[in-house]
Amino acid sequence: MAEINQKDMTDFRCIRCHACCRQEGYVRLRPGEADRIARFLEMDLLSFTRKYTRLTRDRQTLSLVEKENKECIFLGNDGCRIHEVKPGQCRDFPLKWKFSEFEKICGWAKNRSRADYNPSMDRPSSSSK
Ligand code: SF4
Ligand code: SF4
């Protein structure tokens, strides 16, 4: 697979394949995000925190919990169930991530790396995931 450099990313269009939501790993919550998601779900903050978050190993932040199959707890059949208030970490993927191997995860990047890539085949989206 050919590597994608920063210049190639100018035509990034999230195709909403949700591969990034199936990736094992922390979805860290930034200040205020737990509160915002709890309100969106019409839950009180304590109940939300107990049910949907865990403390990261470095004990610095809360992360969303995962399902048994390791995909994000909020990934539903139609995509992210908290799309309107999803964490900044999700919104920032992959454009603001310093993660050189994102192309092994991201569906758009996999398409982009194909020799027969055609940008018009991408389903446009204003945000990732
Ligand atoms: S919060 Fe939504 S966008 Fe973020 S990983 Fe979970 S399902 Fe995906
Ligand atoms: S950011 Fe990439 S992996 Fe995530 S939904 Fe969009 S195209 Fe798929």
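**Reading the model step by step**

Colleague: How do the axes of H1 and helix H2 cross?

Modeller: This is a predicted model, and the angle is read from it. The axes of H1 and H2, the latter covering residues 45-52, come within 9 Å and cross at roughly 100°. Angles from 65 to 115 degrees count as roughly perpendicular, so H1 and H2 are roughly perpendicular to each other.

Colleague: Which residues make the contact of H1 with H2?

Modeller: H1 contributes Ala34, Asp35, Ile37 and Ala38, while H2 contributes Leu45, Phe48 and Thr49.

Colleague: What secondary structure does the protein have as a whole?

Modeller: There are four helices and four strands. Read from the N terminus, the order of the elements is α-α-β-β-β-β-α-α. Among contacts between residues at least 6 apart in sequence, 66% join residues at least 24 apart.

Colleague: How is burial judged, and is Cys106 buried or exposed?

Modeller: One counts C-beta neighbours, and a residue with 20 or more of them within 10 Å is buried. Cys106 has 25 inside that distance, and therefore counts as buried. Cys106 is located in the loop between helix H3 (88-92) and H4. Leaving aside neighbours within four places in sequence, Cys106 is in contact with Ala19, Cys20 and Pro94. The C-alpha atoms of Cys106 and Ile15 are separated by 9.2 Å, although these residues are 91 residues apart along the chain. Of the 129 residues of the protein, 19% count as buried.

Colleague: Why does Pro31 count as exposed?

Modeller: The limit for an exposed residue is 12 or fewer neighbours. Pro31 is exposed because 7 other C-beta atoms lie within 10 Å. Pro31 belongs to the segment before helix H1 (33-40).

Colleague: What is a nonpolar core, and which residues in the largest one touch the most other members?

Modeller: In soluble globular proteins, nonpolar side chains tend to be buried together. Here the largest nonpolar core has 16 residues, and Leu64, Cys72 and Phe74 touch the most other members. H1 and helix H4 (107-113) are the elements that give two or more residues to this core. Beyond four places in sequence, Cys72 is in contact with Cys21, Val27, Leu64 and Glu66.

Colleague: Which backbone details deserve attention, and where is a cis peptide bond?

Modeller: A cis peptide bond joins Phe93 and Pro94, with omega about -5°. Pro94 is placed in the loop between H3 and H4. A further detail is a positive phi in a residue other than glycine: phi of Glu42 is near 55°, and that of Lys70 is near 80°. Glu42 is found in the loop between H1 and H2 and counts as exposed, with 7 C-beta neighbours inside 10 Å. Lys70 lies in the loop between strand S2 (62-64) and strand S3 (75-76), and Lys70 counts as exposed with 10 such neighbours.

Colleague: What pLDDT does the protein average?

Modeller: The average pLDDT is 86, and 82% of the residues score at least 70. Over residues 124-129, however, pLDDT stays under 50. For those residues the model has 18 contacts beyond four places in sequence.

Technical notes:
Residues numbered from 1 in each chain as written. Chains lettered and ligands numbered in written order. Axes fitted to C-alpha atoms, helices over the stretch in contact; angles between N-to-C directions. Parallel < 35°, antiparallel > 145°, perpendicular 65-115°, else oblique. Contact = placed C-beta atoms within 7 Å. Core = buried A, V, L, I, M, F, W, Y, C linked by C-beta atoms within 7 Å. pLDDT = per-residue confidence, 0-100.
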